[in-house]
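Biologist: I would like to learn how to read cavities, helices and ring pairs in a model. Please take them one at a time.

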Amino acid sequence: MKLRATLIGFTAILMWSFLALFTAASGKMPPFQLSAVCFAIGSIPGLVVLTLNPTRLALLKQPAKVWITGISGLFGYHFLYFTALRNAPAVEAGLVAYLWPLLIVVGSSLLPGERLRWYHVAGALAGLCGTFLIVGRNGIDFDGAYAIGYGAAVLCAFTWSGYSLLTRRFDAVSTDVVTGFCLATSILSFFCHLGLETTVWPATSFEWVAVAGLGLFPVGAAFYAWDYGVKNGDIQILGAASYAAPLLSTLILVLFGFAEPSWRIALACVLVTGGAVLAAQDMFRRKIPVQSATAE
């Protein structure tokens, strides 16, 4: 059971690796509109389950703090992420946004019962160096042309890490509630779109396919898989594995022609991912219990 749940959690990491690719290929749809459409599509798997088993509707009755945390995390993160990719190069914005695993590790170390050690600090500094490298075009000079995009990506990382740390308190909440998060986020995004944006639909069938893929997988099924995995699988293994997402995302963008490989991107990827792994080295350690010999 635990192995199966962990493997399901792994599929979420793989799907999130395609988030930047699908977003970059989805055309010029503004962020709120894209969020509304994708979260509506993302709610479909949960709606199917609830339709087939109506008794599970009772599981959607949760305290207000659960709904506020879930909607703030999903809505805030994806709006900021879409905004970042619309206003900065996909690889750089994606890597900055993927600082969330590092922030989760550092943030977790400050929780009661945890200690902040030297490798947490070293890992954070390595990630910071990687961030400076990918947002600077001439040494450490900040390129103002992409300020909005990079700023949104930084906020994106803090939003998802904060959401993840807060939701640790809700481990008993059923995964069915993710359906409600998706629907609520879709509705909220729709009304924001009506008041703030001009409607732009995909111009080609390829862009429609990208939007559908975005909603079904990185913005849909991935959340259900991740929620189930961290609640029923090995959360330490899943936490460590999540640091592969920025590297996979970058390689996928390069593979599909949305970015050019370069030493700057490669070094930044090593720093960000390596820093995260360094900060999370406790997750890789296995505590072997010492068994005392029993006397005859």
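Modeller: What follows goes from the overall fold to the cavities, then to helix and ring details.

Modeller: This is a predicted model, so local features need pLDDT of at least 70, side-chain atom pairs count only at pLDDT 80 or more, and totals for chains, interfaces and linings use all residues. Residues are numbered from 1 along each chain as its sequence is written, and side-chain values use heavy atoms, with hydrogens and water left out.

Biologist: How many helices and strands are in the protein chain?

Modeller: Helices (H or I, at least four residues) and strands (E, at least two) are DSSP runs, numbered from the N terminus. The protein chain has 15 helices and two strands. Buried means under 20% relative accessible area, exposed over 50%, partly exposed in between (1.4 Å probe, protein chains only). Of the 296 residues, 49% count as buried. A contact means heavy atoms within 4.5 Å. Among contacts between residues at least 6 apart in sequence, 87% join residues at least 24 apart.

Biologist: How many cavities of 30 Å³ or more does the structure hold?

Modeller: Rolling a probe the size of a water molecule over the atoms shows where empty space is left. On a 1 Å grid over the protein atoms alone, a cavity is a set of points where a 1.4 Å probe fits but cannot get out; lining residues have an atom within 4 Å of a point. Grid points are joined across faces, edges and corners, and a volume is the space filled by probe spheres set on the points. The structure holds two cavities of 30 Å³ or more.

Biologist: Which residues line the largest cavity?

Modeller: Trp-16, Leu-19, Tyr-77, His-78, Tyr-98, Trp-100, Trp-160 and Phe-223 do. By class, that is seven nonpolar, one polar and no charged residues. Here Ala, Val, Leu, Ile, Met, Phe, Trp, Tyr, Cys and Pro count as nonpolar, Asp, Glu, Lys and Arg as charged, and the others, Gly among them, as polar. His-78 sits in helix 5 and is buried, at 1% relative accessible area. Beyond its neighbours within four places in sequence, His-78 contacts Ser-35, Phe-39, Val-219 and Phe-223.

Biologist: Which helices each supply at least two residues of the second largest cavity's lining?

Modeller: Helix 7 (100–109) and helix 14 (263–279) do. That lining has eight nonpolar, no polar and no charged residues. Tyr-98, Tyr-243 and Val-272 are among them.

Biologist: How many aromatic pairs does a search of the whole structure find?

Modeller: A pair of aromatic rings is described by the distance of the centres and the angle of the planes. Rings of Phe, Tyr and Trp (its six-membered ring) pair if their centres lie within 6.5 Å; planes under 30 degrees apart count as stacked, over 60 as edge-to-face and the rest as tilted. The search finds 17 pairs. Trp-16 and Phe-223 are edge-to-face, because their centres are 6.1 Å apart and their planes at 65°. This pair links distant parts of the chain, with Trp-16 in helix 1 and Phe-223 in helix 11 (residues 205–232), 207 residues apart. Trp-16 is buried at 8% relative accessibility, and Phe-223 is buried at 7%.

Biologist: How far apart are the ring centres of Phe-75 and Phe-79?

Modeller: They lie 6.4 Å centre to centre, with 10° between the planes, and the pair is stacked. Phe-75 and Phe-79 are about one helical turn apart because they are four residues apart in helix 5 (residues 64–87). Phe-75 is buried at 15%, whereas Phe-79 is partly exposed at 22%.

Definitions and conventions: 1 Å grid on protein atoms, 1.4 Å probe; cavity = no way out; pocket = protein on both sides within 12 Å on 5 of 7 lines; lining within 4 Å.
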